[in-house]
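Visitor: Hi, could you walk me through this model? I'd like to go from one spot to the next.
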Amino acid sequence: MTFFSPLSFNYKHVLSALAISSLSLGASIPVVQAQDIDSINATFSVGYNSNTSGGNSRLTVQRNGHQYDAKFEAEHALMDITQQARFNMKQCQVQPQSYSNNANPAFKSRVKENIAFDWGSKQASYTNNDADKNKRFGLVPALYDPLSFFFAARCDLMAGKTRFTYPLIYKGNERKHTYVVTGTQVVKTGIGDVEALVVQRERSNKDRITRFYVAPSWDYMLVKIEHRESALAQASATLVSMDYKVSPMAQ
């Protein structure tokens with residue numbers, strides 16, 4: 001049992017990160033015109049350690065005016081997970097409305113969590129199937145959920161920023177996530193090779209490494225994720241197929 005517990009944790013970490021449409025940063029990133037995402041339908045192959053075909057996941061995004069619905073689903077022997085977020089975005093200003101996470105890891109208890117944002121009262125409520133973890137958060141300054149803030153980050157990338165930090169509600173706590181670009185790399189995907197920015201999350205624990213690979217030539221879409229929890233626990237997710245639409249951002 002102790003052998004499987006860390007596997008479930010690490011796999012969940014990678015699956016959660018997959019819900020990213022794109023990330024930002026890089027000293028050599030050109031400034032480009034911001035593009036609104038109209039829709040995304042992408043699949044990823046998820047592997048653990050030397051097993052490169054351990055499962056599959058799907059990311060879908062649908063825009064309706066200024067409202068977006070994002071959904072991430074994954075199935076694997078170690079975990080089934082579904083994350084959903086609804087948010088408003090206008091001219092790269094993201095305002096989360098709701099978020100849910102339903103995770104069923106092997107050999108661990110099921111997790112169900114929800115976040116409801118009330119911008120009128122400047123309050124966000126976090127609920128968990130463990131009622132002792134229920135909390136409320138103030139929204140001054142604004143907070144994001146684990147999916148919506150990546151859309152704001154994508155705008156920062158297109159604006160040519162080299163570093164960014166976002167405050168968010170993550171696992172029932174207020175956290176700040178910071179990312180930097182460490183270089184570029186050609187990534188082999190199911191729809192061809194593409195040069196991608198390597199975007200790494202800053203962590204106090206140097207043994208834990210999370211990298212996202214974002215392709216500027218594909219409108220700054222995510223093409224690969226790598227997560228290293230330890231020398232014995234590493235996971236990755238690589239793009240297999242993708243259909244997406246973008247349009248010029250309305251002024």
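Visitor: How many residues does the hairpin from β7 to β8 go through?
Guide: The hairpin that joins β7 to β8 goes through six residues. Strands here are DSSP E runs of at least two residues and helices are H or I runs of at least four, numbered from the N terminus. This is a predicted model, where local features need pLDDT of at least 70, side-chain atom pairs count only at pLDDT 80 or more, and totals for chains, interfaces and linings use all residues. Residues are numbered from 1 along each chain as its sequence is written, and side-chain values use heavy atoms, with hydrogens and water left out.

Visitor: In which sense do β7 and β8 pair?
Guide: Antiparallel: β7 (residues 123-128) and β8 (residues 135-138) pair over four bridges, where pairing takes at least two DSSP bridges. Tyr126 stands opposite Lys135 in β8.

Visitor: And what sort of peptide bond joins Val140 and Pro141?
Guide: That one is cis, with omega about 0 degrees. Pro141 sits in the loop between β8 and α2.

Visitor: Now the core. Which residues touch the most other members of the largest one?
Guide: Val61, Phe151 and Val223 do, in a nonpolar core of 53 residues. Such a core is a set of buried Ala, Val, Leu, Ile, Met, Phe, Trp, Tyr and Cys residues joined through side-chain atoms within 4.5 Å. Helix α2 (residues 149-158) gives the most to this core, with eight residues. Apart from it lies another core, of 12 residues, including Tyr99 and Phe137.

Visitor: What is Val223 in contact with?
Guide: Beyond four places in sequence, its contacts (heavy atoms within 4.5 Å) include Phe44, Tyr213, Trp218 and Leu239.

Visitor: What about the loop between β12 and β13: is Tyr220 buried or exposed?
Guide: Tyr220, which lies in that loop, is buried at 4% relative accessibility. Its phi is positive, about 60 degrees, although it is not a glycine. Asp219, found in the loop between β12 (209-215) and β13 (221-230), also has a positive phi, of about 55 degrees. Asp219 is partly exposed at 21%; the cut-offs are under 20% relative accessible area for buried and over 50% for exposed, with partly exposed in between (1.4 Å probe, protein chains only).

Visitor: Last one: what does the chain average in pLDDT?
Guide: The average is 83, and 82% of the residues score at least 70; pLDDT is the predictor's confidence in each residue, from 0 to 100. Over residues 1-11 the pLDDT is below 50, and over residues 14-28 pLDDT stays under 50. Where pLDDT is low, the predicted coordinates should not be read in detail.
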